[in-house]
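Subject: Structure for you to look at

Hello,

Here is the structure I said I would pass on. My notes on what turned up in it follow below.

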Amino acid sequence: MSDRALPGNDSHGFSRRGFIARTSSILGAATLAGHLAPAQAQAAAAAAAAAAPIESGAHVPALVIGTGYGGSVAALRLAQAGVDVQMIEMGMDWVTPGSDGKIFPKVTSPDYRSFWLRTRTKAPLSNFLGFPIDKDVPKYTGILDAEDFAGITVYQGRGVGGGSLVNGGMAVTPKRANFQAVLPSVDADEMYNTYYPRANAALGVGMIDPAWFETAACYQFSRVGRKHAQRSGFAWTFVPDVYDWNYMKQEAAGTATKSALDGEILYGNNHGKKSLVQTYLAQARATGKVVISSLHKVTSVTPTTGGGYTVTIDQINTTGDTVATKTVTSDRVFFAAGSVGTSKLLVKLKATGALPNLNSEVGKGWGENGNVMCGRANHMWDPTGKLQATIPCSGIDNWDAGGAFAEVAPLPTGIETYASFYLSITKNPNRGEFSWNAATGKADLSWQTSWKQPSIDMAKTIFDKINSKEGTIYRTDLFGGNKIWNDTLTYHPLGGAVLNKATDNYGRLHGYTGLYVIDGALIPGNVSVNPFVTITALAERNIEKIIATDL
């Protein structure tokens with residue numbers, strides 16, 4: 001396979017002025033609706049990707065490290081306030097199709113695009129019918145990072161758009177009653193009256209048509225999940241999502257190119273899903289005040305004499321090699337590299353003396369949102385369907401009584417499995433801590449696999465009861481070694497620079513003026529539901545305050 005066939009290797013040289021002119025004409029009135037159609041956003045992203053990356057010696061008013069939820073909110077609102085913003089993204093800008101004509105591969109066909117700098121895939125579901133399904137792939141800056149720490153693998157999105165590229169799009173606002181336990185220093189009235197609605201609108205959150213759900217073949221698995229939950233006395237609920245539900249109806253009718261109905265999600269989605277590329281980032285790019293440098297990685301942030309910060313950045317190629325090191329200055333720096341990325345960088349900067357005045361809370365309060373996975377083997381009279389949408393649309397709620405909320409998740413294998421599959425979010429109280437390991441030059445995480453036992457116990461409050469009622473058993477062929485539970489992963493890393501501890505109550509890092517955390521690192525380990533709407537809403541709250549008082 002030649003580099004010519006790989007996405008991300010184009011090197012067209014466009015001026016920033018030319019980039020603005022091209023994208024402005026593409027975006028125009030479309031941004032007024034809050035998000036772009038996939039084709040428009042793809043064209044806009046392609047034009048934006050052609051903009052020259054940041055040059056060594058540059059000075060920018062605001063530098064945002066990362067292009068996930070928090071960083072995208074910050075970039076858009078800063079730009080709307082008139083501030084020029086440079087975003088630094090370690091992953092690629094996913095705009096160039098591969099040799100198959102698609103930007104992203106489907107779940108059942110992982111290839112070089114699928115994993116971040118691995119030579120073998122590491123799928124969350126590692127086995128099927130007892131056989132391992134991982135395979136060798138070329139080393140490449142792929143879209144999904146399975147980052148290994150002692151005791152846990154953390155799955156993270158890599159590319160412009162961050163985690164929004166690879167998640168299931170489940171856009172859940174936590175119950176008001178649970179919010180104060182998550183973020184006790186934040187005014188819940190403000191969040192639920194202003195910032196959650198703002199986030200949901202900007203993200204393009206919608207709900208499946210309940211009538212269509214009842215007959216759609218692709219949600220037979222979810223209807224079986226509902227039947228089993230309700231027969232055991234559990235509350236079952238629809239869950240909002242950022243997928244375009246009208247597009248999915250067209251997929252099912254055969255009038256649109258299949259995406260969610262063609263096994264696309266874990267390694268990106270080519271149509272239908274409204275990632276940040278179609279929402280916040282599209283609007284940010286349309287302002288002409290936001291430039292994104294992809295395949296760039298921040299390695300150091302230090303105070304500059306006279307104010308502001310010197311930022312050191314490595315530019316990498318698609319095999320992860322550093323091809324250039326750049327030094328730029330910025331008046332303000334926003335850490336938005338995700339819970340893990342932000343935490344690792346901050347503990348490094350504190351320990352190595354780059355930012356020695358960071359307080360002792362940096363690196364603490366990290367959690368995995370209580371994630372555990374399991375499957376159940378149903379009876380032959382409860383088939384879950386050959387065709388399964390990759391977008392979950394429902395969940396089982398036993399949070400108050402048992403400490404667990406379980407997504408009824410798809411198994412998009414293309415064959416009948418008679419299996420129900422679940423990702424549970426639980427009230428796991430355990431918290432890990434990042435620390436700097438000078439000997440290895442890397443950040444370590446203190447997590448232990450045994451700390452997942454509370455999550456297993458909480459999830460069992462749902463599935464033991466369902467199995468007893470239905471006369472069914474757990475699947476033991478999905479995770480290797482006859483395991484019932486996948487207790488060595490998380491999709492939802494949170495914490496490490498907790499709000500009102502490592503930072504003030506709006507994300508300003510203690511010890512330094514002009515340094516901010518604005519991503520999931522602010523949330524202490526657990527949010528009771530899928531976290532990205534809360535990350536977005538909190539970022540909306542914090543950046544509004546920062547713009548009003550700091551600029």
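A residue is called buried here when its relative accessible area is under 20%, and exposed when that area is over 50%. Please keep in mind that this is a predicted model.

Cysteines

With a relative accessible area of 2%, Cys-218 is buried. Cys-374 is buried as well, at a relative accessible area of 1%. How many disulfides does the structure hold? The count is 0. A disulfide is a covalent bond between the sulfur atoms of two cysteines. To be counted here, a pair of cysteine sulfur atoms has to lie within 2.5 Å. The cysteine sulfur closest to that of Cys-218 belongs to Cys-393 and is 8.2 Å away, so the pair is too far apart for a bond. For Cys-374 the closest cysteine sulfur is also in Cys-393, at 18 Å, and that too is too far for a bond.

Helix 3 against helix 13

Helix 3 covers residues 69–80 and helix 13 covers residues 532–550; their axes come within 8 Å of each other and cross at roughly 35°. The crossing of helix 3 and helix 13 is right-handed. On the helix 3 side, the contact is made by Tyr-69, Gly-70, Val-73, Ala-74, Arg-77 and Leu-78. On the helix 13 side, the contributors are Phe-532, Ile-535, Thr-536, Ala-539, Glu-540, Ile-543 and Ile-547. By class, the residues of this contact divide into 9 nonpolar, 2 polar and 2 charged.

Ala-199 belongs to helix 5 (residues 188–203). Ala-199 is buried, with a relative accessible area of 0%. Leaving out residues up to four places away in sequence, Ala-199 touches Tyr-280, Val-533, Thr-536 and Ala-537.

Two asparagines

Which side chain does Asn-398 meet in a polar contact? The partner is the side chain of Thr-461, at 3.0 Å. Asn-398 lies in strand 13, which runs over residues 394–398. The relative accessible area of Asn-398 is 12%, so this residue is buried. Not counting residues up to four places away in sequence, Asn-398 touches Phe-234, Gly-403, Ala-404, Thr-461 and Ile-462.

Asn-428 is in a loop, the one between strand 15 (419–426) and strand 16 (434–437). Its relative accessibility is 1%, so Asn-428 counts as buried. The side chain of Asn-428 reaches the backbone nitrogen of Asn-430 at 3.0 Å. The Asn-428 side chain also makes a polar contact with the side chain of Ser-455, at 3.0 Å. Apart from residues up to four places away in sequence, Asn-428 touches a set of residues that includes Glu-368, Gly-370, Trp-447, Trp-451, Met-458 and Asn-526.

A buried loop leucine

Leu-165 sits in the loop between strand 6 (152–157) and helix 4 (176–182). Is Leu-165 buried or exposed? At 6% relative accessibility, Leu-165 counts as buried. Leu-165 and Gly-268 are 103 residues apart along the chain, and 5.3 Å separates their C-alpha atoms. Setting aside neighbours within four places in sequence, the contacts of Leu-165 include Trp-94, Ile-143, Arg-158, Ile-265, Gly-268, Asn-269, Lys-273 and Val-277.

Positive phi

Most residues other than glycine have a negative phi. Asn-482 is not a glycine, yet its phi is positive, at about 55°. Asn-482 lies in the loop between strand 18 (473–474) and strand 19 (485–486). The relative accessible area of Asn-482 is 63%, so this residue is exposed.

Ser-528 likewise has a positive phi without being a glycine, at about 80°. Ser-528 is in the loop between strand 21 (515–517) and helix 13. Whereas Asn-482 is exposed, Ser-528 counts as buried, at 5% relative accessibility.

Regards

Definitions and conventions: Residues numbered from 1 in each chain as written. Predicted model: local features only at pLDDT ≥ 70, side-chain atom pairs only at ≥ 80, totals over all residues. Heavy atoms only, no water. Helix = DSSP H or I, 4+ residues; strand = E, 2+ residues; numbered from the N terminus. Buried < 20%, exposed > 50% of the residue type's maximum accessible area, 1.4 Å probe, protein only. Polar contact = N/O pair within 3.5 Å; in protein donor to acceptor, adjacent residues only side chain to side chain. Contact = heavy atoms within 4.5 Å. Axes fitted to C-alpha atoms, helices over the stretch in contact; angles between N-to-C directions. Left-handed = near helix turned anticlockwise from the far one by under 90°. Nonpolar A, V, L, I, M, F, W, Y, C, P; charged D, E, K, R; others polar.
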